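Please walk me through this structure, starting with its aromatic side chains and ending with its backbone.

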Amino acid sequence: MQFKKFVDRLPIPPVIKSRKTTKNNPYVVSMIQTRHQFHQNLPRTKVWAYNGSVPGPTFEVKKDKPIYVKWKNELPKNHFLPIDTTIHGASHNPEVRTVVHLHGSPSTPASDGHPEAWFTKNFGQTGPEFVTKTYKYPNRERATTLWYHDHALGITRLNVYAGLAGLYLIRDEEEKALPLPKGKYEVPLIVQDKSFNPDGSLFYPAQPSNPSPDLPFPSIVPGFFGETIVVNGKVWPFLNVEPRKYRFRIVNASNSRAYQFQLSNSQSFLLIGTDGGLLERPIEVQSLLVGSAERIDIVVDFSKLQCETIILQNQFELGNPTGDVMAFKVTKPLNGKDNSQVPAILSNIDHIPLTEVKKVRHLTLVETQDEFGRPMLLLDGKEWDDPVTEAPLLDSVEIWELENITDGGHPIHLHLVDFLVLERRDSNGNLKQPLPTDFGLKDTVTVNARETVRIIMRFEPFAGKYVWHCHKLEHEDHDMMRPLTIRNH
């Protein structure tokens with residue numbers, strides 16, 4: 001389908017309000033089937049949504065103020081997207097099952113959104129790791145951009161694509177004291193990609209292109225790349241801005257697509273934060289690589305661009321329709337003087353001394369084939385159901401060397417912990433230039449093709465069952481995910 005670009009205003013997801021009725025259940029979020037209009041030339045189409053909103057409502061919470069959320073599955077019995085029952089978790093389980101993962105949150109195992117902690121409508125059936133209907137989020141990390149999304153084993157790619165994703169912002173006093181753009185000048189951008197059927201409904205492939213006759217139907221695809229870019233639930237939207245500085249909190253919530261974000265006028269902008277919050281110092285950049293699930297916090301200065309239209313682009317796909325993400329139209333009059341600034345010192349990141357490292361693990365990202373001859377990406381050559389091999393001690397420090405011997409990039413996500421990138425090396429062992437985002441705290445890191453990335457982290461504050469995986473959702477659903485058990489002793 002053909003869409004005119006930059007005709008729909010960028011919507012801002014609503015901020016969810018807590019209920020004051022009971023102490024331990026202030027938030028209730030229902031997953032429902034509803035209809036959503038992605039573009040003014042499209043009819044309202046079937047989606048799955050948290051509290052009826054695509055993306056879901058934004059949580060805004062304060063550091064060290066725990067909240068409780070009851071996640072309710074009120075979805076139909078049958079999925080509206082094609083389910084491959086041959087992949088892990090999908091053969092003997094209910095067709096529609098959900099579990100919510102607050103991505104980047106150090107939560108207890110019961111509240112982490114383990115892929116096998118799924119539940120069906122009204123909690124009628126639950127997975128083997130299901131513990132509680134109400135999740136507790138400690139919010140112990142510093143101010144940052146988290147996001148929440150579905151994580152059910154074997155159908156994460158379908159549930160997230162159907163609409164189950166939203167933003168979660170943690171605020172603290174340190175960030176509040178900085179003179180960064182605030183209020184309406186701080187804008188969330190949740191970036192996804194979608195394709196549509198001729199009738200305007202969401203399209204998701206039921207099998208790879210040029211499938212062999214031996215493939216099951218439906219069959220998982222090795223990756224999904226939509227024909228349109230969607231920001232905050234609208235296809236190629238625009239935002240009217242004033243000639244001043246704006247702060248953008250960007251989440252790559254696409255299933256598989258990576259973005260090299262840049263501005264169409266080649267103007268530089270400032271990176272001020274990553275997955276785990278503010279950098280120590282801002283970094284001026286021309287473009288930024290953001291893999292699936294990674295977040296960037298940037299400041300763009302429009303003060304010298306009155307009456308201009310600037311396109312946020314994906315450098316990887318310039319010349320294609322998907323090379324454009326959205327438009328900024330500098331058409332609004334300046335509303336008072338812009339007193340915002342980006343300080344030379346933003347924050348402090350605690351760097352773990354290498355003397356504290358208890359173990360170094362060398363882990364490979366490999367491509368193999370499943371029994372149907374389909375490509376299957378694996379972590380260290382092991383499948384989801386293989387015995388646990390990553391079982392660090394609680395409060396121990398480890399270095400993981402992630403060696404990618406495949407020809408594609410993989411955004412690797414660890415539950416529970418933030419980490420720091422120590423270095424990148426090419427396939428010959430030569431040191432590579434760090435990416436700008438490597439200077440911040442991370443919970444997801446893109447390991448590019450034929451590259452080794454070393455990361456360091458402390459496994460705390462909780463013991464129990466977690467996971468680590470590639471965040472290309474089609475890879476995650478087809479066994480590029482492994483258990484991560486934090487041991488007490």
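Which residues form one aromatic cluster? They are Y27, Y50, F59, W71, Y135, Y137, Y148 and Y168. The model is a predicted one, and every value below was computed from it.

The structure holds 27 aromatic pairs. One of them joins W48 and F80 in an edge-to-face arrangement, with 5.7 Å from centre to centre and 70° between the planes. The planes are over 60 degrees apart, and therefore the pair counts as edge-to-face. W48 belongs to strand 2, which covers residues 45–50, while F80 sits in the loop between strand 4 (67–73) and strand 5 (100–103), so the pair ties together parts that are 32 residues apart in sequence. The two residues can also be described by their accessibility. W48 has a relative accessibility of 0% and counts as buried, whereas F80, at 22%, counts as partly exposed. The cut-off for buried is under 20% relative accessible area, which is why a value of 22% falls into the partly exposed class.

Another aromatic pair is made by Y246 and F248. This pair is stacked, with the ring centres 6.0 Å apart and 10° between the planes. Both Y246 and F248 are buried.

Rings also take part in arrangements with lysine. K194 lies over the face of Y161, at 4.5 Å from the ring centre. In a second case, K329 lies over the face of F238, and here the value is 4.2 Å from the ring centre.

Next comes the open space in the model. The largest pocket contains about 590 Å³ of space. Its lining is made up of 22 residues, and those nearest the centre of the pocket are R140, D350, D418, L441 and E460. Strand 28, residues 451–458, gives the most to this lining, with three residues. Sorted by class, the lining of the largest pocket has 11 nonpolar residues, four polar residues and seven charged residues.

What does G200 touch, leaving aside residues up to four places away in sequence? The contacts of G200 are M1, L42, P43 and T45. G200 itself lies in the loop between strand 9 (186–196) and strand 10 (202–203). G200 has a relative accessible area of 0%, so it is buried. The C-alpha atoms of G200 and P43 are separated by 6.1 Å, although the two residues are 157 residues apart along the chain.

The other residue is L346, found in the loop between strand 21 (324–329) and strand 22 (357–369). Is L346 buried or exposed? At 3% relative accessibility, L346 counts as buried. Between the C-alpha atoms of L346 and L178 there are 7.6 Å, while 168 residues separate them along the chain. Not counting residues up to four places away in sequence, L346 touches E174, L178, L180, I272, L278, L279, E280, R281 and P282.

The backbone has some features to point out as well. Most residues other than glycine have a negative phi, and most peptide bonds are trans. Against that background, two peptide bonds can be picked out. V54 and P55 are joined by a cis peptide bond, with omega about -5°. P55 has its place in the loop between strand 2 and strand 3 (56–62). The bond from F217 to P218 is cis too, and its omega is near -5°. P218 is found in the loop between strand 10 and strand 11 (228–231).

Which values of phi belong to D64 and A293? For D64, phi is near 65°, a positive value in a residue other than glycine. D64 lies in the loop between strand 3 and strand 4. With a relative accessible area of 46%, D64 is partly exposed. A293 is not a glycine either, and its phi is positive at about 85°. A293 is located in the loop between strand 18 (287–290) and strand 19 (295–301). The relative accessible area of A293 is 1%, so A293 is buried.

Definitions and conventions: Residues are numbered from 1 along each chain as its sequence is written. This is a predicted model: local features need pLDDT of at least 70, side-chain atom pairs count only at pLDDT 80 or more; totals for chains, interfaces and linings use all residues. Side-chain values use heavy atoms; hydrogens and water are left out. Rings of Phe, Tyr and Trp (its six-membered ring) pair if their centres lie within 6.5 Å; planes under 30 degrees apart count as stacked, over 60 as edge-to-face and the rest as tilted. Helices (H or I, at least four residues) and strands (E, at least two) are DSSP runs, numbered from the N terminus. Buried means under 20% relative accessible area, exposed over 50%, partly exposed in between (1.4 Å probe, protein chains only). A charge sits over a ring if NZ of Lys or CZ of Arg is within 6 Å of the ring centre and within 35 degrees of the ring normal. On a 1 Å grid over the protein atoms alone, a cavity is a set of points where a 1.4 Å probe fits but cannot get out, and a pocket is an open set with protein on both sides within 12 Å along at least five of seven lines; lining residues have an atom within 4 Å of a point. Grid points are joined across faces, edges and corners, and a volume is the space filled by probe spheres set on the points. Ala, Val, Leu, Ile, Met, Phe, Trp, Tyr, Cys and Pro count as nonpolar, Asp, Glu, Lys and Arg as charged, and the others, Gly among them, as polar. Contact means heavy atoms within 4.5 Å.
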